[in-house]
Amino acid sequence: MKLGFIGCGNMAGAIIRGIIASGLVQPQDITGADLSARARENVQALNGICVTDDNTEVVKKSDIIFLTVKPQFLEDVIFGIRDAAGPDHLFVSIAAGRSISWIEERFGTYPVRLVRLMPNTPALVGAGMTAACSNDRVSKEEMETVCSLCAAFGEVEQVSEKLFDVVTAVSGSSPAYVFMFIEAMADAAVQGGMPRAMAYKFASQAVLGSAKMVLDTGKHPGELKDMVTSPAGTTIEAVRVLEEKGFRSAVFECVKACTEKSASL
């Protein structure tokens, strides 16, 4: 299996590192292209893959081609490579807001076999969450292959494309919300006298451990919250303030706004 990456930014690098670490594909069987010489040099130095500044070279050398450029550049990339595409190529896009039908239209009359992914930045540390869907030209075996590659850098679920805007809001963009939450808790801890490095560690580990409890126990988050809140205790007082300040509503509205923005792209 030969893999190609058009775009060698942070997300492409995370995907490549995970795949190589898993042993599914060797570095010499991966080719990456990027207009930036610095990006090419970085991904080559970190992963030992082949690099080029020619997108069509990636297509010609690869069986599966990951389109890992920003959404605003995807159209030009497709126009530049579609004549090099052949019946044995499988394309995988990670561009937010670019639907399967949108991508198919840019490939023109070529009957592209296409998988659409929505990963998130925790893939950088092997803890990503990726949604996947495909057009009807992709076989079950091909989809399983792509999902196995995604599993190398985190969890993956096959999801209906109509949910991708929600996936963007609750997974793709949500690390930013979590980072803000961690930063705010740490700032408050610093005000209380805790050294900043220690505050970041305590806040981050609390978020990590709490998320693990939800995943590992299968219990409702509300039930786990109730386990922490003793009668007339410190935690229920903190929860009261969060409710008073509209914490749930703020989170609800931010996810809703992100979903709507994704749908409008």
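**Exercise 1.** In which sense do strand β6 and β7 pair, and over how many bridges?

*Solution.* The model is predicted, so local features need pLDDT of at least 70 and side-chain atom pairs count only at pLDDT 80 or more, while totals for chains, interfaces and linings use all residues. Residues are numbered from 1 along each chain as its sequence is written, and side-chain values use heavy atoms, with hydrogens and water left out.

Step 1. Helices (H or I, at least four residues) and strands (E, at least two) are DSSP runs, numbered from the N terminus; two strands pair if DSSP finds at least two bridges between them.

Step 2. Strand β6 (residues 114-118) pairs with β7 in the antiparallel sense, over four bridges. Within this pairing, leucine 117 stands opposite alanine 132 of β7.

**Exercise 2.** Describe how β7 is joined to β8, and how the chain passes between them.

*Solution.* Step 1. Strands β7 (residues 128-134) and β8 (residues 154-158) run parallel and are joined by five bridges. The chain passes from β7 to β8 through helix α6 (residues 140-150), a right-handed β-α-β crossover (with the strands pointing away from the viewer, the path from the first strand over the helix to the second runs clockwise).

Step 1. Glycine 128 has glycine 154 of β8 as its bridge partner, and alanine 132 stands opposite glutamine 158 in β8.

Step 2. Five of the seven residues of β7 are buried (under 20% relative accessible area, with a 1.4 Å probe and protein chains only).

**Exercise 3.** Which element gives the most to the lining of the second largest pocket?

*Solution.* Step 1. On a 1 Å grid over the protein atoms alone, a pocket is an open set of points with protein on both sides within 12 Å along at least five of seven lines, and lining residues have an atom within 4 Å of a point.

Step 1. The residues closest to the centre of the second largest pocket include Met11 and Lys70.

Step 2. α1 gives the most to this lining, with five residues.

Methods:
On a 1 Å grid over the protein atoms alone, a cavity is a set of points where a 1.4 Å probe fits but cannot get out, and a pocket is an open set with protein on both sides within 12 Å along at least five of seven lines; lining residues have an atom within 4 Å of a point. Buried means under 20% relative accessible area, exposed over 50%, partly exposed in between (1.4 Å probe, protein chains only).
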